Amino acid sequence: MSCVGDIIFFSIATRCASQYREAIWEEKDFVDQIQAAYDAVLLDYIKRHDIELKPNWHFSGCSFSKYIDQVDVLDNKMTMQYHTDFIISERDMPGSKFQLTCTMYINDNYDGGDIEFFVNGDIINHKPQAGDILVFPSDDPYFHGVKTIYNGEKFFVRNFVMYPYDGHP
């Protein structure tokens, strides 16, 4: 390979590294903005509902996720079946436990995809809009599922308020 070729290669690699650094800083700024929004909404939720966070609580960290359209495994118009985020089968096991669920919706340019709550026998349906943040208890009775998405993809960011648990004595 000639010197000219090496210089061109070096130039391309340097430009790519610079663009990569810029992308990392943009992504970090985006994540910081999401965390700041979670902090503000969570503080408001805790105050409004007089919730006491468990000792040594922490955020799980942002999980960037998407649902693709027309996933309906059980043929019941639900992409995600009713569940709680607190894992009941692991209730007595040591480890981090879910206290509050926080979900931010990034887009709303799809059909369907409503979040549906089943709480104490009542069904509560919500069609998230871009920018919405939902906060709710992660445990029983806040069962929730997601209706099937059509004509697009649904992007969202999940974060949980968690607390350490030593296990059942």
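Strands β3 and β9 pair in the antiparallel sense over 3 bridges; here strands are DSSP runs of E with at least two residues, numbered from the N terminus, and two strands count as paired if DSSP finds at least two bridges between them. The bridge partner of H83 is H144 in β9. The structure is a predicted model, in which local features need pLDDT of at least 70 and side-chain atom pairs count only at pLDDT 80 or more, while totals for chains, interfaces and linings use all residues. Residues are numbered from 1 along each chain as its sequence is written, and side-chain values use heavy atoms, with hydrogens and water left out.

Strands of a sheet pair through backbone hydrogen bonds, either parallel or antiparallel. The pair described above belongs to an open sheet of 4 strands, in the order β3-β9-β6-β7, with antiparallel pairing. Its edge strands are β3 and β7, each of which pairs on one side only. From one strand to the next, the twist averages 15° (axes are lines fitted to C-alpha atoms, and angles run from 0 to 180 degrees between N-to-C directions).

Within this sheet, β6 (residues 115-119) and β7 (residues 122-126) pair in the antiparallel sense over 5 bridges. F117 stands opposite I124 in β7. The hairpin of β6 and β7 has 2 residues between the strands, and N120 takes a positive phi near 50° there.

The largest pocket has a volume of about 170 Å³. A pocket is an open set of points on a 1 Å grid over the protein atoms alone, where a 1.4 Å probe fits, with protein on both sides within 12 Å along at least five of seven lines; grid points are joined across faces, edges and corners, and the volume is the space filled by probe spheres set on the points. The lining, made of residues with an atom within 4 Å of a point, comprises 14 residues, of which Y67, T103, H144, V146 and R158 lie nearest the centre. Two or more lining residues come from each of β3 (78-83), β4 (95-105), β9 (143-147) and β11 (154-165). By class, the lining holds 7 nonpolar, 4 polar and 3 charged residues (Ala, Val, Leu, Ile, Met, Phe, Trp, Tyr, Cys and Pro count as nonpolar, Asp, Glu, Lys and Arg as charged, and the others, Gly among them, as polar).

A search of the whole structure finds 0 disulfides, a disulfide being a pair of cysteine sulfur atoms within 2.5 Å. The sulfur of C62 is 9.6 Å from its closest cysteine sulfur, in C102, and is therefore too far for a bond. C62 counts as partly exposed because its relative accessibility is 24%, whereas C102, at 0%, counts as buried (buried means under 20% relative accessible area, exposed over 50%, and partly exposed in between, with a 1.4 Å probe and protein chains only).
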